[in-house]
Amino acid sequence: MKTILLIEDNDLIRENTAELLELAGYAVLTAENGKVGVEQALAQRPDLVICDIMMPVLDGYGVLQIFNQNPQLAGVPFIFLTAKTERTDQRRGMELGADDYLTKPFDETELLSAITGRLNRFRHLRPEYDLQQPGVLTEFLDDAAAVGKLTDLVADRRPHALRKKQEVYVEGDEPTRLYFVQEGRVKTVRRTAGGKELITGVYGPGEFFGYLPLLQQTPHDDTAVVLDDATLLYIPREDFTQLVHRNPAVGQQFIRLLAGRVSEREQQLVGMAYNSLRRRVADTLLRMHQEAGATPETLIQLSRDDMAAVVGTAPESLIRTLSEFKQDGLVELTPKGIRVLQPQKLRQPNW
């Protein structure tokens, strides 16, 4: 059952409207002024707000501003009720972010139709999205756009085809967009002054990258290069920033993605500092095996140079270690990639 918060200082209108909404199957919270309405909303987040404009203590404009600025309330559909008919009042409400505007007196059909339209449009984001599943990116972006009223976010999803070894962005570039991998793979690398590479991430279908500089508002500190021919979707910086700032659920989703990547990078750096070469190679194989599906048929398709850059060693040292793993029956080396044969033995801690 959807919950509607009705903020109206006229007792008769408030009671009659609340009764109508309850008969229509909604749970209704009522408040006689804007201050009480905000308190009600903070105690129980409504699915939609119907709010009068001219009220004592705190008017409707003030209520809407508080909703927009409060992460707990941002994104709640907001319908203004008012006896005023001047276009300037309506324009001010819309500029503040109101989603609809009904002039009193209104009939029952008009009110219920407006509520139904707003609730159908403003679907709330689920706590979790499995972005690896087919079609879930579209669902996530459509839901995000609906909640955030960002139609441009959905419209600007034209696929961009990039060739192998093509640079997506380079270290020092100003971030202009968020990237999503639809097909292929992209690596992010840090390069030393001597030209050596450390691969800090490999992103495949269903993964976002490039969001850290957008969140930090800093230039890119790495370079993104296409590993295989890839298809990327670009989300403009303005749309992404607006979406994150206005909708806590979206921001939390990207924070989870960011936290996971930061944790991976920390583990990578700790491993490079303290683990043996065999341990680092084994951990890299296990991680890539898991990311590629973790089945007996799974192939890790990464060049020896790139894998050496992930491990943080010379290609010759990597090849020697892989040969040792092959002799021990831990992996199979094929022209198309590496197959992990005994993941449990690769996890043994005494390397």
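**Ground rules.** I number residues from 1 along each chain as its sequence is written, and my side-chain values use heavy atoms, with hydrogens and water left out. As the model is predicted, local features need pLDDT of at least 70 and side-chain atom pairs count only at pLDDT 80 or more, while totals for chains, interfaces and linings use all residues.

I find Asp52 in strand β3, residues 48–52 (strands are DSSP runs of E, at least two residues; helices are H or I, at least four). Asp52 is buried at 4% relative accessible area (buried means under 20%, with a 1.4 Å probe and protein chains only). Beyond its neighbours within four places in sequence, Asp52 contacts Ile7, Glu8, Asp9, Gly60, Leu81, Thr82 and Lys104 (contact is heavy atoms within 4.5 Å).

**Helix α11.** I checked the length of α11, residues 277–291: at 1.5 Å a residue its 15 residues should span 21 Å, and the end C-alpha atoms are 21 Å apart, so the two agree (the expected span is 1.5 Å times one less than the number of residues). Its buried residues include Arg279, Arg280 and His289. Just after α11, Gly293 has a positive phi of about 130 degrees.

**α12 against α13.** I get an angle of about 95 degrees between α12 (304–311) and α13 (315–327), axes 9 Å apart (axes are lines fitted to C-alpha atoms over the stretch in contact, and angles run from 0 to 180 degrees between N-to-C directions). That makes α12 roughly perpendicular to α13 (65 to 115 degrees). Among the residues that meet are Met307 in α12 and Leu318 in α13.

How values were computed:
Buried < 20%, exposed > 50% of the residue type's maximum accessible area, 1.4 Å probe, protein only. Parallel < 35°, antiparallel > 145°, perpendicular 65-115°, else oblique.
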